[in-house]
Amino acid sequence: MSKIALFYSFNPSNWISCQKIVFNLLKSYQAIEGNEFRYYHYNTDTAHGTLLNHIHDLKSWNADKVIILDHKPHPLPILTFLHQEYLMDSVRPDLFIHVYGDFSLYYKFWDMCSFLTHWKVRWFCASERQVKYLQQMLNDKDSVSLCPFPIDTSNYHFNQSIRDQQRKEWGVDKDQKVLIYTGRLSTQKRIHTLIKYFSQLKIKHPEFRLHLYGEFDNMADPFMGVWKPEGEYFAEIMRLIQTLSPEVQKDIYWFGGVSNDDLPRAYHGADLLVSFSVHHDEDYGMTVAEALSCGLPCLLTDWAGYGSFKFSGIEEWVKLVKVTIKPHGRLISRNELNQFSDELIPKLDQAPREKISKTSLGYFSIEKSSQRIQNELQSHQVQFKGFSPLLKRLSVAHQNFTFPFIDSQSKKINQLYKDTYCAYVRTN
Amino acid sequence: MLEQINEQLKNPSYLNSNSNYLGLTREKWPRIGSDLYPLTADYFHSLNPFYSYNAVNFDFFASFPVVTLRDGAFSLGTFFCQSLSKLMNSEQTILVHEDCEQFVPDQLKSRTLSYKMTQPRRIEIHEAKTILMVGVISDQVLEDIQIIKEKIDLLSRMGPKAKLKIYLQTRKNPFELLYAEPQHTNSFFYEMIKDLKVKPDFITSEQLAGMGFLKETYVINLTSDNFINADSFTDFILASKGATIHEWSEPSAESPLLTVPISLFHRMDICEIKKKSIFNELVFLRKRFPSTTPLFDPYFYAQVKYLFNRS
């Protein structure tokens with residue numbers, strides 16, 4: 001039996017997908033039998049005195065595993081305090097750190113964690129490409145394990161009656177098809193590409209509608225030196241919409257942000273999830289996981305976490321469009337997009353939604369996640385061998401340059417970017 | 001004017017686009033905007049929302065054919081006083097908030113229109129699951145205690161299960177040099193909070209920024225009037241996420257000259273200026289109080305406030 005200390009924020013994250021992720025991960029841990037758990041709240045409002053009390057408590061309890069469950073704030077204070085508390089001890093708890101997409105925002109802080117070489121550390125990544133990405137940052141590739149973020153099957157599984165009901169609510173008849181996008185309406189999510197794709201699709205397939213769920217943001221593309229104030233991307237998209245024909249415009253539906261409870265119904269009612277995201281922190285793709293859990297076929301970019309979703313048995317229902325890193329940015333292959341679209345669109349009526357749902361849930365249900373975590377917790381952990389020179393380069397670049405991934409002379413993507421993000425693209 | 005606006009909408013030239021912002025580093029800008037963060041934080045729409053007190057380089061500012069001034073009445077009136085002759089020589093179209101249009105000089109009415117924000121979809125306060133009161137504790141912003149009391153009285157109409165959140169951070173008085181820290185607002189405001197029947201959650205700037213899915217949220221703006229700031233960033237960001245802003249309205253039955261979508265949930269209605277101009281009285285005040293820094297002259301400020309309240 002293990003004594004497991006979990007650090008996370010008891011208050012839901014501002015980042016919508018992380019609200020579900022942390023909650024579902026917690027359920028995965030709690031489903032592991034034969035262990036004792038203690039939960040410690042840690043957030044930006046946690047005073048150092050409180051944190052120290054947490055550390056004292058877990059030490060007096062003799063915790064043998066410490067889990068960093070949440071994505072922010074950065075756990076540097078937790079790790080530092082732990083290290084100080086156990087400085088003179090030869091026996092220390094094993095550390096397990098769940099890695100999120102915002103790992104790339106904190107290179108400086110990870111660089112300050114060199115003391116972790118005194119600890120046994122296991123890193124959990126949500127997708128195969130994120131594993132590759134993180135392995136570049138560490139001297140020991142074997143300390144990284146795959147642990148996809150779990151989905152709660154009670155909310156996400158295919159149900160034909162929900163589909164029928166949702167389509168009735170939308171006023172969609174059986175001959176019409178619905179493309180859906182859910183997530184932030186953001187530059188790196190390539191909403192403009194999605195809208196252009198939809199307008200082209202309408203020429204051959206006028207029966208389609210596009211449903212967009214999400215809120216606009218101003219994240220732009222800071223790694224590429226692109227900053228936008230709040231509202232600018234909305235204005236750009238509206239100008240793009242104005243250039244489309246009225247027939248296309250009338251079939252674009254904006255739903256804004258909706259609660260998590262409404263999303264399963266939306267996935268059920270739709271016929272195809274489309275996402276052309278090239279977002280730098282796309283470590284996983286929670287929306288894709290949820291959509292697949294509801295039996296929805298997907299047309300996606302083959303970028304970062306999305307690359308993990310082409311499961312055996314449903315390959316023809318999950319299409320991944322190649323992304324290449326070019327001097328001026330990430331390029332989505334138009335040829336592959338057209339090819340995969342032409343393959344997928346005509347046969348959407350035959351999509352085996354029950355099979356897509358079951359296959360996907362077999363991969364990232366809470367039960368499956370729990371088994372994976374249990375295997376890792378029971379495995380022998382090895383001493384952390386430190387961060388690689390790449391992480392140091394990234395830390396220095398981010399501290400010294402406003403645009404660390406852009407060459408200041410040519411204004412093109414530099415080698416540091418390619419070295420970092422080559423893990424996120426298809427190699428062949 | 002409308003042609004110029006339509007041309008701007010089709011072929012935009014952006015005053016506050018990231019690469020084109022005034023040609024001056026931010027360190028040289030007046031601190032007024034930062035003093036009232038987040039009310040005065042930047043946002044974007046196609047008609048160049050901007051604050052007149054940030055127009056430190058007038059020629060650069062005037063090179064943009066259409067500008068929407070987010071100013072409250074005080075800085076707007078002062079801007080017109082200081083820059084009237086330059087504005088008369090430019091061909092810019094200026095949009096001012098409807099509540100401040102009485103400060104537009106007659107000489108500029110041919111190139112000035114008024115705007116207000118409207119929301120086609122609004123909920124009533126009793127329908128809201130969350131009531132959010134937003135403001136900053138600054139004597140100049142929360143000046144009129146009677147208005148604050150009236151807004152708190154609105155809470156009597158909230159639903160029995162609705163939650164109350166309050167965003168209230170202490171800020172400096174933006175138009176004051178010597179006693180910039182708030183002197184009296186803290187104490188009387190906390191006195192009023194004591195009488196609230198509903199227990200509120202006080203939220204931080206980070207929590208405010210992270211709020212999402214606000215279609216069942218009703219926002220009450222505690223800034224007393226549009227004297228300090230007319231077009232608030234917090235209203236913009238909350239309305240963009242679907243919240244109903246108490247101080248706004250549904251689109252009026254009378255059609256505006258032009259409507260510009262600002263987000264999925266709100267828009268800017270542009271109309272002609274209707275109010276009689278009191279700019280000449282403002283000019284008289286300026287001559288009576290010829291301060292070199294009118295933005296920080298307490299006597300001038302008080303007189304303009306009196307003029308605004310009377311109009």
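Predicted model: local features only at pLDDT ≥ 70, side-chain atom pairs only at ≥ 80, totals over all residues.
In chain A, 17 residues of domain 1 are in contact with 15 residues of domain 2, where contact means that the C-beta atoms of two residues, placed from the backbone, lie within 7 Å. On the domain 1 side of this meeting place, helix H1 (16-30), helix H5 (128-135) and helix H14 (366-378) each supply at least two residues. Helices here are DSSP runs of H or I with at least four residues, strands are runs of E with at least two, and both are numbered from the N terminus. The touching residues of domain 1 split into six nonpolar, six polar and five charged.

Residues are numbered from 1 along each chain as its sequence is written, and chains are lettered from A and ligands numbered from 1 in the order in which they are written.

As for the domains themselves, domain 1 of chain A takes in 3-150 + 367-391 and domain 2 takes in 160-364, with bounds from an automatic or database domain assignment. Their C-alpha centres lie 32 Å apart.

Chain B has ten helices and eleven strands. Its C-alpha atoms fill a box of roughly 55 × 45 × 40 Å along the principal axes. The radius of gyration of chain B is 19 Å, which agrees with the value near 19 Å for a compact globule of 311 residues; it is taken over C-alpha atoms, and the globule rule is 2.2 Å times the number of residues to the power 0.38. Of the 311 residues of chain B, 41% count as buried (20 or more other C-beta atoms within 10 Å of a residue's own; exposed is 12 or fewer, and partly exposed is in between).

Most residues other than glycine have a negative phi, and most peptide bonds are trans. Yet a cis bond joins Lys72(A) and Pro73(A), with omega about 0°, and another runs from Tyr37(B) to Pro38(B), with omega near 5°. Ala220(A) has a positive phi of about 50° and counts as partly exposed because it has 18 C-beta neighbours inside 10 Å. Asn48(B) has a positive phi of about 55°, but this residue is buried, with 23 other C-beta atoms within 10 Å.

Notes. Nonpolar A, V, L, I, M, F, W, Y, C, P; charged D, E, K, R; others polar.
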